[in-house]
Amino acid sequence: MLQQKQENEQEHEIEKVKQRFIYRWINVSKYQNPQLDSELVEEANRLNINLAKQRLVIAIAGSSQIIKNLKLDQETIIFSLTNHIELIILSSKHQETYIQQKLEHQEIEYGISNWGNLLGRLAEQAVTTLRLSNIFGKPSFRHYSQVSFIKQVLDSDLNLIAVNDQYEALLKRKDGKELIDTIREFIKCNMSVNQTAHNLFVHRNTLNNRLLRIKKLFELDPKNTEDLFQLFIGYITFYYRQTL
């Protein structure tokens, strides 16, 4: 029993060292090639980790119990990014297919990065995909390639202060959530009044009344493509920053 206890403690200590290394690896590789950091390379060699290897990151929302039920190969790395987000770092495309099938079957929220060797950027891509899929309400957004354009827009220097302020003000109104949900659904339905009304379970006259209120509040017409684009980007920007 004592020997088993010592072995368990040793394994736990090794895992702690590995988790600290992965944390540092992620942070270093957000900005530079990790192979330029001699101390990181030395530690990677001790842990038998190849920093140059192509990898992919899957960010999962929820309990780590989900991951424990997966059959993962020895090269796959698990890292707890936050209390609510787990990262699966893998180097096998076969594992990618297997894991995605398992997660879809369990209806788990997740986001997948591109393939690459800058782990920090890959982790950021996976988490961004997870967050934007929630904001859009589109679980079909699983891969970073599906949201990369939106991320570029979010990173650009667009002047959306007035629009964001109005979204902030809407949250304090009695009908605020209703109007925000209307904007979101109208965008998802490609400006189709009939489809939006159907999805929101309201009469088209009720929907048109809401769109008119939105127009007055934002001084932007949802039925105008350019104005709707501002409402769309403002919506994403506002909620994206709420989750930071």
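This is a predicted model: local features need pLDDT of at least 70, side-chain atom pairs count only at pLDDT 80 or more; totals for chains, interfaces and linings use all residues.
1. Let's start with the largest nonpolar core, which holds 33 residues. The members touching the most others are Leu132, Tyr167, Phe218, Leu231 and Ile236. Two or more residues each come from helix 5 (119-136), helix 6 (148-155), helix 7 (161-170), helix 8 (176-188), helix 9 (193-200), helix 10 (204-218) and helix 11 (225-242). Of these, helix 11 contributes the most, with 8 residues.

2. Beyond residues up to four places away in sequence, Ile236 touches Leu132, Ile135, Phe136, Ile150 and Leu154. Apart from this core there is another, made up of 22 residues, including Ile77, Ile85, Ile89 and Leu122.

3. Do have a look at Glu185, in helix 8. With a relative accessibility of 13%, Glu185 is counted as buried because the cut-off is under 20%. Setting aside neighbours within four places in sequence, its contacts are Thr196, Asn199 and Leu200.

4. Two backbone angles deserve a glance, since most residues other than glycine have a negative phi. Asn190, in the loop between helix 8 and helix 9, has a positive phi near 55°. This residue is exposed, at 67% relative accessible area.

5. Phe201 is the other one: not a glycine, yet its phi is positive, at about 60°. You will find Phe201 in the loop between helix 9 and helix 10.

Notes: Residues are numbered from 1 along each chain as its sequence is written. Side-chain values use heavy atoms; hydrogens and water are left out. A nonpolar core is a set of buried Ala, Val, Leu, Ile, Met, Phe, Trp, Tyr and Cys residues joined through side-chain atoms within 4.5 Å. Buried means under 20% relative accessible area, exposed over 50%, partly exposed in between (1.4 Å probe, protein chains only). Helices (H or I, at least four residues) and strands (E, at least two) are DSSP runs, numbered from the N terminus. Contact means heavy atoms within 4.5 Å.
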